[in-house]
Amino acid sequence: MKRLLAWAALGAGVVVATAFLAFQLSPNLQDRLFAIGARQQLARASQLPVTDDALRVLLCGTSSPLPLRQSAKACTLVVAGGKLFIVDIGPESSENLALWRVPTPQVEAVFLTHFHSDHIGELGELNMQGWAQGRRSPLKVFGPAGLEQVVGGFNTAYSFDRTYRNAHHNHGQGLLPIDAAVMVPYPSDFVKPGDTPVGRTQVIYSSGGVTVTAIETDHRPVSPAFAYRFEYRGRSVVITGDTVLNDGLAAAARGADVLVSEAQAHHLQNIMAQEADAIGQDTFAKVLRDTSRYHINPVEAARLANRAGVRELIFTHMAPPLVFGLLRTPWLRGVSEERADGVTIGRDGMLISIPVDGSDIRFDQLEG
């Protein structure tokens, strides 16, 4: 038997070696195998369901500004009524969307919570990718006062790019129409820069049974800053953006099915600051300490979820980065005492489905 197994192993090795040599020496075989692989990749369908039996939330970026290889910066996608909506579009998040085959030309609108770089960094790239893949109208962007300057800046920065791409690919056939390559801002001015946050709200989008309400939050000195509430067929999700715990947000989130909340574990952030001080990184240490003044912590987020009476709390935009699983325990310290269940740590690719019939919320995972 051992001799038979040895001969079988030898035979298999010869077959593998022969195939490898044939591939190296045959351009025709190389091209044929590449074509097979290319077709398989190009034919991959989007992993994102768009049927109208649920309100869906996809976490497309769950990290904070601190780098974490497996997580993009702030980005949440909402699917409602067959339409795609994106809340914030931080660095690396558009790559996630591409890997999951999310059809970016079908993005109905982008909603920006505020203008920190980790929330807007890939706005230009998302817009370009959607246009290059077939969008035929400008991308709508909603956000607080100051939005026109931000969107205008991206439009200006990408002005050469869209001209080049149109020249490359138009061929007189209307491909990549230049007027569809820009973004159009829809600023909400019901909150003025510098106003003291008092939890004001305003419906800023309503179409096809989908309603989006902007909620004033407290992220001072950033002002204004918004959370967003999406409602569809009796179901709802609130996405906090960056904020501290405040009564206005709790009131506006009341009765939502899902609360997607940012959170920073201040006690761990302070330990990082102490270690940064110890090795002479004074500026970084000061920045780390400052962040605790304008971010909600996990226990406060649980308290917010309880006050609002939501079914599920999903953490996103998590700081410090959860670089390995064991960190979840100190990061969540105190949360279970505030909220015993209905708490989930989000991750890139997590898909939350809220059935319109009110049945159990489902969790799935998209893979790149």
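I first noted the term that I needed for burial: a residue is buried under 20% relative accessible area, exposed over 50% and partly exposed in between, with a 1.4 Å probe and protein chains only. The model is predicted, so local features need pLDDT of at least 70 and side-chain atom pairs count only at pLDDT 80 or more, while totals for chains, interfaces and linings use all residues. Residues are numbered from 1 along each chain as its sequence is written, and side-chain values use heavy atoms, with hydrogens and water left out.

Entry on ring pairs. I looked up the aromatic pairs and found 13 in the structure. Rings of Phe, Tyr and Trp (its six-membered ring) pair if their centres lie within 6.5 Å; planes under 30 degrees apart are stacked, over 60 edge-to-face, and the rest tilted.

Entry on F85 and F111. I found this pair to be tilted, with 6.3 Å from centre to centre and 50° between the planes. F85 lies in strand 3 (residues 83-89) and F111 in strand 4 (residues 107-111), 26 residues apart. Strands (E, at least two residues) are DSSP runs numbered from the N terminus, as are helices (H or I, at least four). F85 counts as buried because its relative accessible area is 0%, and F111 is buried at 0% as well.

Entry on F190 and F226. I found these rings stacked, 5.3 Å centre to centre, with 15° between the planes. F190 sits in the loop between strand 6 (183-188) and strand 7 (201-207), and F226 in strand 9 (residues 226-232), 36 residues apart. F190 is buried because its relative accessibility is 16%; F226 is buried at 1%.

Entry on the cluster. Which residues do ring pairs link into a cluster? I listed F85, F111, F142, Y186, F190, Y205, F226, Y228 and F230.
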